[in-house]
Amino acid sequence: MSLCCSLKCMFIFFNALFLASGVALITIGALQYTTYLQIGIFAGSSLSKIAVVLIAVGVTITLVSLMGHLGAFLNNSTMVAWFICILIVIIMCEVATGAVFYVFRSRTAVLQMNGAINAKARGVVSDYSPERRHAINRIQEKFKCCGADGGDDWSKSVGWENHEAVPDSCCVVKSDGCGQNKENAYSKGCISAIKLFLLKNLVWVGAVCIALAVTEVFGVVVGVCLCLDIKRKSYENIS
């Protein structure tokens, strides 16, 4: 097997991993979009943008990867070179993003974020406005929770009139009127459930990003070697 063939196979392999990670981010974002939208209504509008960011990053990675594949199959050094340049920019952006996350991991920033989520969720449950009721009920059903901090929140809600009961969406076993008995409701609040969900998603995204970083570094190295080899072959054919 020639050197060019070996380099191309390695490049396609690492680029396939790069493509898979892009598709994974798109899938995670698309599958969780509705959930993040409802979380945004319940606990802060900025959280609803997480899914959009994941999809946008995934689409970018997928398009760049396809360009790399096309350049390798066509033996086009220009396309491979552009792929390498964009990949380097992506790596720099990832490093910058990692630095930002490192800065914002400080206790003050975490407390501010927690405070904002807590205040928003408690306010939404207290108001229980008609335009937000569907999202609140869906969150309680999906995350198996009740109220912001617990079922007792509904006894103080302005928008929820029956303070001796909770919405049926709080019930462990759903049935019409099941919320009339508070004993049927989930004990945990939705704030803790949402934070656990976000943490789990962050772990998955972090794992994808680590895999991306390793793949990208190897992709740049192999891509440079492939690009130089394609150019060398071109010069040999000309001469």
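This note walks through some features of the structure above, point by point.

1. **Before you start.** The model is predicted, so keep in mind that local features need pLDDT of at least 70, side-chain atom pairs count only at pLDDT 80 or more, and totals for chains, interfaces and linings use all residues. Residues are numbered from 1 along each chain as its sequence is written, and side-chain values use heavy atoms, with hydrogens and water left out.

2. **Aromatic pairs.** A pair of aromatic rings is described by the distance of the centres and the angle of the planes. Here, rings of Phe, Tyr and Trp (its six-membered ring) pair if their centres lie within 6.5 Å; planes under 30 degrees apart count as stacked, over 60 as edge-to-face and the rest as tilted. Searching the whole structure gives nine aromatic pairs. In one of them, the ring centres of Phe13 and Phe14 are 5.4 Å apart and the planes stand at 65 degrees, so this pair is edge-to-face. Ring pairs also link Phe11, Phe18 and Phe83 into a cluster.

3. **Phe13 and Phe14: buried or partly exposed?** Buried means under 20% relative accessible area, exposed means over 50%, and partly exposed lies in between (1.4 Å probe, protein chains only). Phe13 has a relative accessible area of 49% and is partly exposed, whereas Phe14, with 17%, is buried.

4. **Tyr128 and Trp160.** Now find Tyr128 and Trp160, an edge-to-face pair with 5.8 Å from centre to centre and 80 degrees between the planes. Tyr128 lies in the loop between helix 5 (107-127) and helix 6 (130-142), and Trp160 in the loop between helix 6 and helix 7 (190-238), so the pair ties together parts that are 32 residues apart in sequence. The helices named in this note are DSSP runs (H or I, at least four residues), numbered from the N terminus. Tyr128 is buried at 6% relative accessibility, and Trp160 is buried with a relative accessible area of 17%.

5. **What else does Trp160 contact?** Contact means heavy atoms within 4.5 Å. Leaving aside neighbours within four places in sequence, Trp160 is in contact with Tyr128, Trp154, Ala165, Val166 and Pro167. From C-alpha to C-alpha, Trp160 and Ser129 are 8.9 Å apart in space, although 31 residues separate them in sequence.

6. **Positive phi angles.** Most residues other than glycine have a negative phi, and most peptide bonds are trans. Tyr128 is not a glycine, yet its phi is positive, about 45 degrees. Lys144 is another residue other than glycine with a positive phi, near 50 degrees. You will find Lys144 in the loop between helix 6 and helix 7, where it is partly exposed, with a relative accessible area of 47%. Asn75, which follows helix 3, has a positive phi near 55 degrees.

7. **Helix 3.** How many residues does helix 3 have, and what span should they give? Helix 3 has 25 residues (residues 49-73), which at 1.5 Å a residue should span 36 Å, and its end C-alpha atoms are 36 Å apart, which agrees. The expected span is 1.5 Å times one less than the number of residues. Buried residues of this helix include Ala51, Leu54, Gly58 and Ile61. Ile50, also in helix 3, is partly exposed at 29% relative accessibility. Not counting residues up to four places away in sequence, Ile50 touches Tyr36 and Leu198. Ile50 and Leu198 are 148 residues apart in sequence, but 9.9 Å apart in space, C-alpha to C-alpha.

8. **Salt bridges.** A salt bridge is a side-chain nitrogen of Lys or Arg within 4 Å of a carboxyl oxygen of Asp or Glu. The structure holds two salt bridges. One joins the side chains of Arg122 and Asp149 (2.7 Å, N to O). Arg122 lies in helix 5 and Asp149 in the loop between helix 6 and helix 7, so this pair ties together parts that are 27 residues apart in sequence. Arg122 is partly exposed at 41% relative accessibility, and Asp149 is partly exposed at 42%. In the other, the side chains of Glu141 and Arg138 meet (3.2 Å, N to O). Glu141 and Arg138 are three residues apart in helix 6, so about one helical turn separates them.

How values were computed:
Helices (H or I, at least four residues) and strands (E, at least two) are DSSP runs, numbered from the N terminus.
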